[in-house]
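Visitor: Hi, I'm new to this one. Can you walk me through it?

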Amino acid sequence: MPVTVLLVDDEPLVRAGLRAVLEAQPDIEVVGEAADGAAVIPLVRQLRPDVVAMDVRMPLMDGIEATRAVLRTVDGPPKIVVVTTFENDEYVYEALRAGADGFLLKRARPAEIVHAVRLVAEGESLLFPASVRQLAAEYGDGGGNRAARAAMERAALTDREGEVLRLMARGLSNAEIAGQLVVGTETVKSHVSAVLAKLGARDRTQAVIAAYESGFVAPG
């Protein structure tokens, strides 16, 4: 089955460019488009895309609010990648905090766009981990988020789960983590699932953001 994608951007040329890049791939299908975040929820419910590629800045409802709305109101929500002009953008970090699974630059090369959609759909690696770390260092609380620290303490991760979370923050896939820890991939998957459950995180990105904001992992 192909990875299905919904494109959300107020610039028709951007949507057309993304569509052309993605539909050139045999394993990716663009199932719909929208010009504003306000149209996302009904389209997600109707089309059930695997991934939403969504502009972070739009006139009626931006990508941050649209991400919150989708995750709050849609059962089994899709993966969300926010699309941005600027990499070092507080809007991008707020979208990640709101629940987006990653971000993509509008100037990205076609191969990077395709890779991002596939990676986010698979959910087994962090998209652009170095950039997420830089955003956390710039706009996060530097471990000073009391709520994040309290949540991390309540999670009571085991030593091995903590190791896995730190490797997740480096962007390692399950297979790469298994190689680092000399364990089986299924064992890593179990640890990752436990980390997400204990932190109340829907995916790796949210777990890593929590790790940075609590000070469990230093973003610098």
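Guide: Here is a short tour of the sheet and some helix packing. This is a predicted model, where local features need pLDDT of at least 70, side-chain atom pairs count only at pLDDT 80 or more, and totals for chains, interfaces and linings use all residues. Residues are numbered from 1 along each chain as its sequence is written, and side-chain values use heavy atoms, with hydrogens and water left out.

Visitor: What order do the strands of the open sheet have?

Guide: The order is β2-β1-β3-β4-β5, with parallel pairing. Strands are DSSP runs (E, at least two residues), as are helices (H or I, at least four), numbered from the N terminus. Two strands pair if DSSP finds at least two bridges between them.

Visitor: Which strands stand at the edges?

Guide: β2 (28–34) and β5 do. Each has a single partner strand, so one side of each lacks a neighbour in the sheet. From one strand to the next, the twist averages 25°.

Visitor: How many bridges join β4 and β5?

Guide: Strand β4 (residues 79–84) and β5 pair over 4 bridges, in the parallel sense. Val83 has Leu104 as its bridge partner in β5.

Visitor: Are the residues of β5 buried or exposed?

Guide: Gly102, Phe103, Leu104 and Leu105 are all buried (under 20% relative accessible area, 1.4 Å probe, protein chains only). Gly102 and Leu104 point one way, Phe103 and Leu105 the other.

Visitor: New topic. At what angle do α7 and α11 pack?

Guide: Helix α7 (residues 146–155) and helix α11 (residues 204–214) pack at about 110°, with axes 8 Å apart. Axes are lines fitted to C-alpha atoms, for helices over the stretch in contact, and angles run from 0 to 180 degrees between N-to-C directions. The two helices are therefore roughly perpendicular (65 to 115 degrees).

Visitor: Which residues of α7 make the contact?

Guide: Ala148, Arg149 and Met152. Contact means heavy atoms within 4.5 Å.

Definitions and conventions: Buried < 20%, exposed > 50% of the residue type's maximum accessible area, 1.4 Å probe, protein only. Parallel < 35°, antiparallel > 145°, perpendicular 65-115°, else oblique.
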